[in-house]
Amino acid sequence: MIEVRVRARQAWRVAATYTAKAPGTHIYLLVLFVTTLTLRSVDATLADQLLRQLSTNLYQMGRSAGRVLVISAFLLDGGRWINQLVRLSAVYVPLERWAGTWRWLAVVVAGHVGATLVTPIGIWTDLRHDPGGGALSST
């Protein structure tokens with residue numbers, strides 16, 4: 001029994017050390033976990049409506065780009081939190097440990113803003129060439 005406690009304490013220390021070396025990533029994962037649980041706790045219709053209002057479609061980007069840019073960073077469509085945990089841990093933790101938390105944050109924000117702005121620009125360009133694809137621009 002004592003050996004189990006010692007091993008549990010050692011495992012806790014390893015996990016705490018690992019987490020402490022990449023605090024930004026783990027705080028971000030915690031926020032994603034909370035928002036994912038929140039979306040899962042409401043009915044599917046409300047969750048879908050929330051995701052549409054906070055998505056990066058042309059309507060929402062034209063209406064409130066700043067809000068959409070910030071909030072969309074903390075929402076996972078489909079609620080696949082475990083997949084994101086694995087992916088973000090594999091990429092973000094080494095990046096944050098190598099670059100430092102503030103540089104990591106700058107890279108993540110720039111990447112999110114860049115990708116979020118490129119998406120509606122691509123949709124807008126497609127709509128200019130095919131006006132029948134109006135579902136991409138609606139709420």
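Just after helix 5, Gly100 adopts a positive phi of about 95° (helices, H or I and at least four residues, are DSSP runs numbered from the N terminus). The model is predicted, so that local features need pLDDT of at least 70 and side-chain atom pairs count only at pLDDT 80 or more, while totals for chains, interfaces and linings use all residues. Residues are numbered from 1 along each chain as its sequence is written, and side-chain values use heavy atoms, with hydrogens and water left out.

Helix 5 spans residues 81–99 and bends by about 35° at Ser89, the bend being the angle between axes fitted to the seven residues ending there and the seven starting there. Its buried residues (under 20% relative accessible area, 1.4 Å probe, protein chains only) are Trp81, Leu88, Ser89, Tyr92, Val93, Glu96 and Ala99. These residues pack against helix 1 (2–20), helix 2 (23–41) and helix 6 (101–129), contact meaning heavy atoms within 4.5 Å.

Rings of Phe, Tyr and Trp (its six-membered ring) pair if their centres lie within 6.5 Å; planes under 30 degrees apart count as stacked, over 60 as edge-to-face and the rest as tilted. By this rule there are four aromatic pairs. The Tyr28 and Tyr92 rings have centres 6.3 Å apart and planes at 35°, so this pair is tilted. Tyr28 lies in helix 2 and Tyr92 in helix 5, 64 residues apart. Tyr92 is buried, with a relative accessible area of 18%. Tyr92 also forms an edge-to-face pair with Trp104, at 5.7 Å centre to centre and 80° between the planes. This pair links helix 5 to helix 6, its members being 12 residues apart. Tyr28, Phe74, Tyr92 and Trp104 form one aromatic cluster.

How values were computed. Helix = DSSP H or I, 4+ residues; strand = E, 2+ residues; numbered from the N terminus. Buried < 20%, exposed > 50% of the residue type's maximum accessible area, 1.4 Å probe, protein only.
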